[in-house]
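Please examine the arrangement of chains, sheets and helices in the model shown here. An explanation in running paragraphs accompanies it.

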Amino acid sequence: MATDAALVIDNLSIETTHGQAGRRLVSDVGLRVGAGEVLGLIGESGSGKSMTCLAVMDLLPPGVRVCGGSVRMPGREAIRRGRDAAMVLQNPSGCFDPVMTIGGHFKETLRALGLPRDRNPDRAAVALGEAGFDDPESVLPLYPFQMSGGMLQRAMIALAMLGGPRLLLADEATTDLDMPTQAGVLGLIDRLRKTRGLGVLLVTHDLSVAARLADRVAVMRDGRILETGPVGRIFAAPRHDYTRTLLAAHFDLHDALCAPDFPDAGDAATA
Amino acid sequence: MIRFLRRRPLVAPALAVVAFLLAMALFAPQLATDDPDRTDIGRKLAPPSLSEPLGADHLGRSIYSRLVYGSRASLGSVALIMAGILVLSFTVGGASGYLGGAVDGAVMRVCDVVLTFPTFILALFLIGILGTGLTNVVIAIVATHWAWYARMVRGMVLQLRHREHVLAARVAGASAPGLAVRHILPPIAGQMAVLATLDIGHMMLHVSGLSFLGLGVQPPTPEWGVMIGDARQFLRTAPQLILFPGLMIFLSVMAFNVLGDALRDHLDPHLAQEHGHGH
Amino acid sequence: MYRYILRRLAFLPVILFTVSLVVFLILRLAPGDPAQSYLRLSQIPPTAENLAMAREVLGLDKSVTAQYAAWLGRAARLDFGRSYVTGRPVIDEILHYLPATLELAGASLLITLGLSAPLGVAAALRRNSLVDHMTRGLAFAGVSIPNFWFGFLLAWLFSAELGWLPPLGRGGPERLVMPALSLALMSLAVNTRLIRASMLETMHHRFVLYARARGVPERMVVWRHMFVNALIPILTATGMHVGELLGGAVVVESVFSWPGVGRYAVSSIYNRDFPVLQCFMLVMTAIFVLCNLAVDIAYVVADPRMRLSNQAGRL
């Protein structure tokens, strides 16, 4: 079973050398993402979720380094960016080069993956089609500023699928999107992981996103994993106080929105 | 303050250089070893000696003394230029920003016109028209550079005026022009001081360049650019005649640039990063 | 985009017209009597009769507006009068010397652009390393050195001492090297600093991270993504360099006896040869205005956000 896994992280520790040297951003983190499985990584901002993702891609910023543990993809010596693991980030409009067309981004990525466009002229259009674009050809000549956040997010997913990766890292991929678009993007990720057996590390602070998509969930705080388990169990019977607090805060908001006498009545009762 | 100096190790020596230059200009008679204009063909191109630390030039004049007295022309002209530019830009730019409306429009058009020309070429043209000499060099450089400064002042006044009106509206009444001057002037003066210091080096290069061409200070008055111009034919035989005055210009400009950079970084790092002059 | 370009081009004659008016008005500031200068330089005795004739030849007996109109009419036909010194048409003289100046300024611009890019990029990528400190130090010195002094230093070292290069005049590339380097120094220093600063800002943009995440090789990340985006905000500064190069050429030509239009202009100042000076002013300003216009247009063309902003925006 372990050889099926898309990602295995053992005792990962990450420290920063800026300012207070040796300050741990991530301590002894262990994670496992199976093939075709979605692992939700939940936590507040600053909990170390993004750093963990960057460590998987070997993209830690200068002054930050891995100081312990390992990140592995079983069956591969090293994780190749784009080919073995791909990333989708939040706020997609900042991620695309403003002076390069969408088609240009595809051409560049294809070349980086060793798949030159002239021998595979349809790859970009096919990928965009799979990502939900009705008319991929019309999107390719566009510049990023001409596209909405939702479209850019789908384009990012299409770019991520080009290399046929085993692992997709979605770092707050739906955070800036409105609800309907969010649902669409999450649905797309779900479809892709089912059809391709893609392992997904879904980083989010939004519990409903995790609930929608994740099979298992890991709760992170201050650089440590507090608990891990199947999504149902974590949400129904959390073992850690912090998890309970997160859930309570989430349901507070949820109940307040759903309470029949909102907004006239007083306080909505919580469990 | 000490921390500031330690972080920027070049500031202290730069200040020392500037202080030394000022001393040279102010106390030239005391610091020089000889009359800078006294020629003595017998001493022509004499090597350095105890009495003449840098030797003599092609007319037997003391190089060291001419360098010392030359600081007067170089520093004095730049001081006059800066004073002229600041006075002109403050009055014109300040009035333009404060009064607004038609006055502002007209002034900005005038500035636009001035800024259409390449600055050095325009200064050259003005000197060609007005005639050579240090006074005309000062006038020409002031005339070609004031417009950019006026624009900056106007911009700052516009920003502060807006804030000032809001403030004054709250503090019921008493928004007399005097109050505005007292609140608007100081912050602008600070920023303009930074811009001016950053530009002193440029001005010195302009002045010495024009003097080198024979269009500025007229011989026999000592000035570093003129000294280089005079010594052109001795490049092979007596390169020191060109080396020393040029070194003075280089060190002075560098010192002022260090100070200007340090001031800008200290007060506002975004202020006029490589400000757009057509130098 | 096209509307912007057309608008700027339509405005061009207005600018040139204003420039000509300013030049004409400044000319009238000249102290002394142009008729006297004319006679003196043409070596005609300044008798009352000759003065009257000179005044008529120079059109000084008419009103200011009439003079300007006549002047403008002639200028439109590229007739800028005759040199007081040689008597030949000024425009011919200027056009004779102009190619040398353009060659010098062009070579300096190439040096500036060609060297500042790798230096600025290297300094930004290896921030606070030896390369960075050296680049910043050289750039700082470059901004502080008088270009004519630098020219003499080069001439002394490579010509007088080492004898590798001829010291003056125009000819093959070996004569172009030192003047071009002297002229380029200031712009090179300024541009290197600009590129370095802009790269430092661009380096931290998220599209750089995303490009790496897609597996794009680092060389492409640096040049296609960082450098190209770093260039855009400083593109208009290139116009600034043209002004500096035109002005600096006047001085550098004098150092190396480069037979360009700058040296010619300086001699015309000595001779108070106003027709030459005025034509020089107009030609150089026209070049300056055109270069700035070209750069402004290039800026709009280069950035797709500006280029396409008038078309149908977001889908």
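The structure is a predicted model. Chain A contains an open sheet of three strands, arranged in the order β2-β1-β4 with antiparallel pairing. Its edges are formed by β2 (residues 23-33) and β4 (residues 64-72) of chain A, each of which pairs on one side only. From one strand to the next, the twist averages 10°. Seven bridges join strand β1 (residues 7-16) of chain A to β4(A) in the antiparallel sense. Within this pairing, I9(A) has V71(A) in β4(A) as its bridge partner. Helix α1 (residues 49-56) of chain A packs on this sheet and touches β1, β2 and β4 of chain A. The direction of α1(A) makes about 115° with that of β1(A).

A further open sheet of chain A has six strands in the order β5-β6-β7-β3-β8-β9, and its pairing is mixed. The edge strands here are β5 (residues 85-89) and β9 (residues 224-230) of chain A, each pairing on one side only. Direction ignored, neighbouring strands of this sheet are turned by 15° against each other on average. Strand β3 (residues 38-42) and strand β7 (residues 199-204) of chain A run parallel and are joined by five bridges. In that pair, V38(A) stands opposite V200(A) of β7(A). Helix α5 (residues 149-161) of chain A lies across β5 and β6 (residues 167-171) of chain A. Relative to β5(A), helix α5(A) runs at about 175°. In general, the strands of a sheet pair through backbone hydrogen bonds, in either a parallel or an antiparallel manner.

Attention now turns to chain C. The axes of helix α7 (residues 147-161) and helix α11 (residues 237-256) of chain C come within 9 Å and cross at roughly 30°. Angles under 35 degrees count as roughly parallel, and α7(C) and α11(C) are therefore roughly parallel to each other. The crossing in which α7(C) passes α11(C) is right-handed. On the side of α7(C), the residues that meet the partner helix are N147(C), F148(C), G151(C) and F152(C). Their counterparts in α11(C) are G248(C), V251(C), V252(C), V255(C) and F256(C). By class, the residues of this contact comprise six nonpolar, three polar and no charged.

The chains also meet one another. In the contact between chains B and C, 39 residues of chain B face 42 residues of chain C. On the chain B side, the elements giving two or more residues are α6 (residues 119-130), α8 (residues 177-212) and α10 (residues 240-267) of chain B. Of these, α6(B) gives the most, with 10 residues. The chain B side divides into 23 nonpolar, 14 polar and two charged residues.

Chain C is also in contact with chain A, through 20 residues from chain C and 24 residues from chain A. Two or more residues of the chain C side come from each of α9 (residues 206-213), α10 (residues 218-234) and α14 (residues 304-307) of chain C. Helix α9(C) gives the most, with six residues. The side of chain C that touches chain A is made up of 10 nonpolar, four polar and six charged residues.

Key. Residues are numbered from 1 along each chain as its sequence is written. Chains are lettered from A and ligands numbered from 1 in the order in which they are written. This is a predicted model: local features need pLDDT of at least 70, side-chain atom pairs count only at pLDDT 80 or more; totals for chains, interfaces and linings use all residues. Two residues are in contact if their C-beta atoms, placed from the backbone, lie within 7 Å. Helices (H or I, at least four residues) and strands (E, at least two) are DSSP runs, numbered from the N terminus. Ala, Val, Leu, Ile, Met, Phe, Trp, Tyr, Cys and Pro count as nonpolar, Asp, Glu, Lys and Arg as charged, and the others, Gly among them, as polar. Axes are lines fitted to C-alpha atoms, for helices over the stretch in contact, and angles run from 0 to 180 degrees between N-to-C directions. Angles under 35 degrees count as roughly parallel, over 145 as roughly antiparallel, 65 to 115 as roughly perpendicular and the rest as oblique. A crossing is left-handed if the near helix is turned anticlockwise from the far one by less than a right angle, and right-handed if clockwise. Two strands pair if DSSP finds at least two bridges between them.
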